[in-house]
Amino acid sequence: MTLISVQDLVVRIGDRVIASVPELDVAAGECVAIVGESGSGKTTTLLSMLGLVHGADVSGRITVGDVDVLTASPARLREIRGSRAALVMQSPQAALNPTMRLGTLMRRALARHGVKGADARERAEEGVRAVLLDPEILRRYPHQVSGGQAQRFAIALALALGAQVVLADEPTSALDVTVQAEVVAVLRRLRDERGLAVLLVSHDLALVSTIADRVVVMRDGAVVESGSAAEVFARPGDPYTRELIAAVPALPEPADFDEGEGP
Amino acid sequence: MTAPALTTLRRTPLRRLAGVDRLAVAGAVLLGVVVLAALLAPWIAPYPEDGGSATHPLEALLPPSGAHWFGTDQVGRDVLSRVLFGARTSLLIAVAVLAVSGVAGVVLGVVAGYAGGWARDVIMRVTDVFLAFPALLLSLALAVVLQPSVTTVIVAIAVTWWPWYARLTASVAASVATRGFVDSARCLGVPAPLIVLRHVLPNSLTPVLVQLSLDGGGVILTAAALSYLGLGAHEPTSEWGLMVQQGQSLFTTDWWVVTFPGLAILVTAFSFNVLGEGLRARLSR
Amino acid sequence: MTLLAAEGVTLAYGATAVVHDVSLAVDEGGVGLIGESGSGKTTLARALLGLMRPRSGVVRYGTGDLAGLGRAGRAEFRRAVQPVFQDGSEALDPRMTAGASITEALTTHHRMSGAERRDRVAALLADVGLDPALAARRPHEMSGGQRQRVAIARALAVEPRLLVLDEPTSALDVTVQARILDLLERLAAEHGLGYLLITHNLGVVGRLCRTSSVLFAGRVVESGPTGELLTRPAHPYTRALRDAVPRLGGEPPRAAGRTEAAAAATGCPFRLRCPLAVDRCREETPQAREVEGRKVACHRAEEVLTTPGSPAPRVPHGGETPDAPRQ
């Protein structure tokens, strides 16, 4: 089942095309990664899925679930943002109201969608467990949790609201590697076990190669290459993709150190 | 390397930017008119001698007319001429107060912010003492002790005004002092006074300049208040606050004597504020 | 020869110590300092740069204590040791052109004529692979990579013997990162520079540093030849770090679990996160000891070395949660 579908997406500011994506589908249980460097248009593409690109002309066709994003009413868009698709950003702590316990935050969000009382508590705890957090965390305030926990809580919140799609914009680039591994493990698990569709935006090719099923490589607003992750990483067709792959600093293997420094 | 052209994209809200600039420009233009009026007062005032001690008792309290656009006051002086000359007094006070308190505040603030430690403690405690008194009250007390004059007004206001700039500058300078380029200069072995002059001061000035332009209106209002209370400029100096005070009892019968200097205060204070807000919005981008 | 060294350095902000009794030597050639956020690596860098005084212990430059250097000695230290920070936009004064920033470095210790300055600025910019015309640009008119190159040119302007590189590439795009690393590698070789490279990126250290130290919660938990550390870690934290790094086309990174657990105040600081922790780790703080060519502060280093692969990952693909309430 296709949960995100993009056709002929073009985002312009004035005469300048800042993102152009001819075609992009994300099915349930699939992770698609948009890879690129700053200014490649990858974040713009992701934000356009939620109708969050402001001050630019967006044309084409974007469907999230059964909602046509570009023609949807503001109320309908809010509904997608709230409960269909979860947006996970680089620093989730900034998006959490600092004066509220995480549990209160979760309860209010659920109440807005008509889920209350014991039902809400159950949904909240279930969502938190699904991202491998202890429900005890619901009693804490945002400043009492780490970056990785906040990131996972943001996903839990979306899950509790019934999201089928996770849109993640550099979800781990502000995190330590050990914490990053946890967030990636959670995303993989949700994809595999709950059939979530994950659209991941990242500049970290190594990371992407460990989770993405398909990859879209963007540069200067345009798609330069796309295909299955295994294919793209094993046999990159575009020179830019090759450059990106070559730029990933490899972890040393024993052989690298036989003759001193460097590979 | 990514194209430098991309950076221009980050400044996208072009319309907002233009709007902001319009505000700053409007303030600057309005203030420019006041400044021009002040500078050219001796030439454009219809009765230049009325800006001083001339009196024409026979022409007292004439309503606005072709000969006296703003009418005349109790001793027959042309109100328009006195409003124009009054601009000189008000702007002189504003510029002097802002210069004195701005320089004192910025110098002390930058030292406190960069040096930290006991220097900061001492300077900040002194500002606390000044800030503990309501500004107008302190100005009043000072003005009472000193002889009423324009200089008194300047001193009285500047004394209450500088701690604000010291405090603002200190907090900005303290954060600038933690930035990488300051560490980098320290690692090069650049002497501390040079680091302050070259890096900390220029990078701390923007918010202070905005605050100075916002405060111009406040200084003019305070100066007018002091003169109104008889503690500042005195006859025959043209000063708006003084003119308002002298004309207020006549408001019901001879409204023009008090209204035009009052409007002049309003317009000038307003133009400072608009300019300051415009600058703030522009520089905080 | 050791140029710069920390000897038993403890660093604190107010009452909070963030670096505990760390010893580290930087000689000619590259030394890596690996740590995650909050490990105290940047604080240690500040102390080595003379920007912060140790609470106890000594930062040694050449043969003298940095804190005891006279005026001349301090000036010499300032010329010899230069930093390159994470972000060129932070390290360069936003109001100064690239040329002015480099000129400031050139003229701090030497008088120079205008023509001489211009020539040196152009030569330095060329040396870091930039068009000398960039001298007229301000930081916001340059890309991230260009800014970092200018920052490097500024550091080189005083002809230092040693660079302290604090996450020099982590704010940059990957392809730019690779080019900056190439540049640093070339410059270090050409100018005979020693450097301390501080980073969380194991790949970067693996490429540029012959020896490395791993910092956890302000303590060096393992140090030795970089290759040994990364291919056969002897400390469970080094291993957790290595296993968490995603590899191109490799296995998914292994989550080491319990990353939220704080550093323990008593015993081994890593024990609350350690899959191998035993009672002894709670009772006795492990001291650094020599194990197979490296120094490691772990009671069970031998077992870490001999256990094939990692212990079972703490985040499984189903069922149990790793965040079960701590006892």
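## What covers helix α3 of chain A

Helices are DSSP runs of H or I with at least four residues, strands are runs of E with at least two, and both are numbered from the N terminus.

Which residues of α3(A) are buried? In this helix, residues 102–112, they are Leu102(A), Met106(A), Arg107(A) and Leu110(A). Looking down the helix axis, these buried residues fall within an arc of 135°, so they line one face of α3(A); the arc is that of the directions from the axis to the C-beta atoms. On the face turned away from the buried side sit the exposed residues Arg108(A), Ala111(A) and Arg112(A). (Buried means 20 or more other C-beta atoms within 10 Å of a residue's own, exposed means 12 or fewer, and partly exposed is in between, with C-beta atoms placed from the backbone.) Just after the helix, Gly114(A) takes a positive phi of about 80°.

## A record for chain A

An unreviewed UniProt entry carries the annotation "domain: ABC transporter" for residues 4–245 of chain A. Such annotations may be inferred rather than shown by experiment; their positions follow the numbering used here, and feature names are shortened.

## Where chain C meets chain B

Now let's turn to chain C. In total, 28 residues of chain C are in contact with 17 residues of chain B. On chain C's side, α4(C) gives the most, with 4 residues. By class, this side has 12 nonpolar, 7 polar and 9 charged residues. (Nonpolar covers Ala, Val, Leu, Ile, Met, Phe, Trp, Tyr, Cys and Pro; charged covers Asp, Glu, Lys and Arg; the others, Gly among them, are polar.)

## A sheet in chain C

Chain C also has an open sheet of 4 strands in the order β2-β1-β4-β5, with antiparallel pairing. Its edge strands, β2 (16–27) and β5 (64–65), each pair on one side only. Strands count as paired if DSSP finds at least two bridges between them. β4(C), residues 56–61, is joined to β5(C) by 2 bridges, and Tyr61(C) has Gly64(C) as its bridge partner.

## How to read the numbering and model

Residues are numbered from 1 along each chain as its sequence is written, while chains are lettered from A and ligands numbered from 1 in the order in which they are written. Because the model is predicted, local features need pLDDT of at least 70 and side-chain atom pairs count only at pLDDT 80 or more, whereas totals for chains, interfaces and linings use all residues.

Methods
Two residues are in contact if their C-beta atoms, placed from the backbone, lie within 7 Å.
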